[in-house]
There are 2 protein chains.
Amino acid sequence: MGKPRNDEPSTPAEGSASAAFLLAQVGSHAATKFAERLAPLGFSPAHAGILRILDKRGPVTQQALAGILGMFPSRLVALVDQLESRGLIERRDHLEDRRSYALHLTEKGRSSLQSIGRVAREHQKALLAALTVEEQSQLGQFLQRIADDHGLTRGVHPGYARLKS
Amino acid sequence: MGKPRNDEPSTPAEGSASAAFLLAQVGSHAATKFAERLAPLGFSPAHAGILRILDKRGPVTQQALAGILGMFPSRLVALVDQLESRGLIERRDHLEDRRSYALHLTEKGRSSLQSIGRVAREHQKALLAALTVEEQSQLGQFLQRIADDHGLTRGVHPGYARLKS
DNA sequence: TGTAATGATTACAATTTGTAATGATACAAT
DNA sequence: ATTGTATCATTACAAATTGTAATCATTACA
């Protein structure tokens, strides 16, 4: 009954699924729940992702933003339209290249981002309620190490590419 | 610099994202990578899920299977067709109700399930390579507790409902 | 019996997602 | 300068996905 060795991965057989499966399962659930909490504010996860990136990486072109989010520029158009019509971001003229816009986060957008942050914290609290604070921190470290190991971009959910507008 | 208290969740600010976000991010990545490993065998995650459930929960009707997977019965038809045409499952007559079929896993299906299991273990090994075996086990326990806490059905990925045929 | 409900399937409508075409602009090479 | 090619945002369009409704056979209930 010793612990499994590294080259002979555990097959948790009955009772608990594999960590990899659980990761996908719980991750999907987390994404769904977060989207549900976001919906009342009129945002989709993709909206939140856009605001987040604009906040962190300053003004960018739509092309660059699409690249970061891993979605087609054509799909970004509608999302940007929606956020701009709500006054959360602005399409300002790009100084050096008149083909493109420089997307800016407005004050109102920054404020929305804070609301989103609050929702995210509530979400996290509910999601991880089964763990002690200490364990939550450990979980976060494990996940961050996995994410880094696989070259995942911080703050960019691979699923943005296919989360509805 | 003490640890955050429970009613004042940590905002990891810079450097590392929140555990909830990481969960969704890494989980999505895990699902994608698993699907990629499965593709060469001619399976989608949904296929694997069906075989898995038939193996564990004996013969079931398509209606019941759709319920378990959280997908529409109409969508299941094509998936079952594909698996049956490959001889991995069978639509046998239901003894008590001639409207429905009893879906059975064949020997060949059982063998495919083993191949899938091997792929899953390779996948897990690669996915969790950044963690020690001890940490992998801990991660699995954390995730299982979260999954149980939220009433997630063991072995059923919420995303099956929208993973391509 | 007959009337409503259920299971599998098919048909269809709605949504989502990827690609290609458009018009304006930039850049590189004459 | 001028011509050709590449890029950016946008639109138009095609393909795939997904949800709903209709169908047919069968079962359950009144």
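**Close-up views of helix packing and the A–B interface**

**View 1. In this predicted model, helix 2 (residues 45–56) of chain B packs against helix 5 (residues 107–127) of chain B at an angle of about 120°, their axes lying 10 Å apart.** Helices (H or I, at least four residues) and strands (E, at least two) are DSSP runs numbered from the N terminus. Axes are lines fitted to C-alpha atoms, for helices over the stretch in contact, and angles run from 0 to 180 degrees between N-to-C directions. Helix 2 of chain B and helix 5 of chain B are therefore oblique to each other; under 35 degrees counts as roughly parallel, over 145 as roughly antiparallel, 65 to 115 as roughly perpendicular and the rest as oblique. Their crossing is left-handed, meaning that the near helix is turned anticlockwise from the far one by less than a right angle (clockwise would be right-handed). Look for Ala48(B), Leu51(B), Arg52(B) and Asp55(B), which meet Gly109(B), Arg110(B), Ser112(B), Leu113(B) and Ile116(B); contact requires C-beta atoms, placed from the backbone, within 7 Å.

**View 2. Helix 6 (residues 133–149) of chain A reaches across to helix 1 (residues 19–38) of chain B.** The two pack at an angle of about 40° with their axes 9 Å apart, and they are therefore oblique to each other. This crossing is left-handed. On the chain A side you will find Gln136(A), Leu139(A), Gly140(A), Leu143(A), Gln144(A), Ile146(A) and Ala147(A), facing Ala19(B), Leu22(B), Leu23(B), Gln25(B) and Val26(B).

**View 3. The side of chain A that touches chain B.** Here 52 residues of chain A are in contact with 50 residues of chain B. Helix 1, helix 5 and helix 6 of chain A each supply at least two residues, and helix 1 of chain A gives the largest share, 14 residues. By class, this side has 27 nonpolar, 18 polar and 7 charged residues.

**View 4. Chains A and B around their rotation axis.** A rotation of 180° with 0.0 Å of shift along the axis superposes chain A on chain B, with an RMSD of 0.0 Å (least squares on C-alpha atoms of residues with pLDDT of at least 70 in both copies). The two copies are thus related as by a two-fold rotation axis. Gly27(A) comes closest to that axis among the residues of chain A, its C-alpha at 2.2 Å. Because 96% of the interface residues of chain A are also interface residues in chain B, the copies meet through the same surface.

**View 5. Confidence along chain A.** The mean pLDDT (the predictor's confidence in each residue, from 0 to 100) is 89, and 88% of the residues score at least 70. Residues 1–15 of chain A stay under 50. Where pLDDT is low, the predicted coordinates should not be read in detail.

**Notes.** Residues are numbered from 1 along each chain as its sequence is written, with chains lettered from A and ligands numbered from 1 in the order written. In this predicted model, local features need pLDDT of at least 70 and side-chain atom pairs count only at pLDDT 80 or more, while totals for chains, interfaces and linings use all residues.

Terms used: Two residues are in contact if their C-beta atoms, placed from the backbone, lie within 7 Å. Ala, Val, Leu, Ile, Met, Phe, Trp, Tyr, Cys and Pro count as nonpolar, Asp, Glu, Lys and Arg as charged, and the others, Gly among them, as polar.
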